[in-house]
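Please keep the sequence and the 3D structure in view while reading.

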Amino acid sequence: MFTLPYLDSGDQVILYDGVCRLCNAWVRFLLRHRVSPRIRFAAIQSDKGQALLHAVGLPGDTISTLVLINADGHWLRAQAVCRAMAHMPWPWRALAILRRLPDRLTTHLYDLIARNRYRLFGQYDRVHPLEADYPDRFL
């Protein structure tokens, strides 16, 4: 366990691609469906997102995927999604079981969507601000 900048003890953070429309929609989905208040959010492109990546030893200039970080470690891609779903109310929490599937399979499916996300869902010209709707949830 280690101390993370910007987080209180027991908090977690989901770093997401702030220009990706799909990533922004997923963050809004989590918030709308009452993900645990112990989960905070930051765009990877933000200064705080970059500092958190650096704190766990990830290269900030090449990460463009979802990352879940807590005091125990960090998870990327599908593992980050599944671990976040474990903090949702029922019935959404049941989707966390997908993390028990082989990592190779879930990562492949995640990467397939991620490679095509801008083409399928579009992207913003700059980091899209979500903070106004949920000011206490964003770093």
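In this predicted model, the sulfur of C20 lies 3.1 Å from the closest cysteine sulfur, which belongs to C23, and this is too far for a bond. A disulfide requires the two sulfur atoms to be within 2.5 Å. A search of the whole structure accordingly finds 0 disulfides.

**Cysteines**

- A disulfide is a covalent bond between the sulfur atoms of two cysteines.
- C82 is likewise in no disulfide, and the nearest cysteine sulfur, that of C23, is 15 Å away.
- C20 has a relative accessible area of 0%, so it is buried.
- C82 has a relative accessibility of 6% and therefore also counts as buried.
- C23 is buried as well, because its relative accessible area is 8%, and the cut-off for buried is under 20%.
- C23 belongs to helix α1, which covers residues 21–32.
- Leaving aside residues up to four places away in sequence, C23 touches Y16, D17 and R117.
- The C-alpha atoms of C23 and A43 are 9.6 Å apart in space, while the two residues are 20 residues apart in sequence.

**Overall form**

- The secondary structure of the protein consists of 4 helices and 4 strands.
- Along the sequence these elements follow the pattern β-α-β-α-β-β-α-α.
- For 139 residues, a compact globule would have a radius of gyration near 14 Å; the value for the protein is 14 Å, so the two agree.
- The C-alpha trace spans about 35 × 30 × 30 Å along its principal axes.
- Of the 139 residues, 45% count as buried.
- Among contacts with a separation of 6 or more, 72% are made by residues 24 or more positions apart.

**Surface and charge**

- The protein has an accessible surface of about 8000 Å², and carbon and sulfur atoms account for 55% of this area.
- There are 18 positive and 12 negative side chains.
- The centres of these two sets of charges lie 8 Å apart.

**Strand β4 and H74**

- H74 is located in strand β4, which comprises residues 73–76.
- With a relative accessible area of 31%, H74 is partly exposed.
- Not counting residues up to four places away in sequence, H74 touches V56, L58, V67, L68 and I69.
- H74 and G57 are 17 residues apart in sequence, and their C-alpha atoms are 9.6 Å apart in space.

- Most residues other than glycine have a negative phi, and most peptide bonds are trans.
- Which kind of peptide bond joins W90 and P91? The bond is cis, with an omega of about 5°.
- P91 is found in the loop between α3 (77–85) and α4 (103–121).
- Y6 is not a glycine, yet it has a positive phi of about 75°.
- Y6 lies in the segment before β1 (12–16), and its relative accessible area of 43% makes it partly exposed.
- R77 also has a positive phi, of about 55°, although it is not a glycine.
- R77 is part of helix α3, and with a relative accessible area of 30% it is partly exposed.

Key: Residues numbered from 1 in each chain as written. Predicted model: local features only at pLDDT ≥ 70, side-chain atom pairs only at ≥ 80, totals over all residues. Heavy atoms only, no water. Buried < 20%, exposed > 50% of the residue type's maximum accessible area, 1.4 Å probe, protein only. Helix = DSSP H or I, 4+ residues; strand = E, 2+ residues; numbered from the N terminus. Rg over C-alpha atoms; globule rule 2.2 N^0.38 Å. Contact = heavy atoms within 4.5 Å. Areas by Shrake-Rupley, 256 points an atom, 1.4 Å probe, with all protein chains shown as cover. Lys, Arg positive; Asp, Glu negative; His and termini not counted. Charge placed at Lys NZ, Arg CZ, Asp CG, Glu CD.
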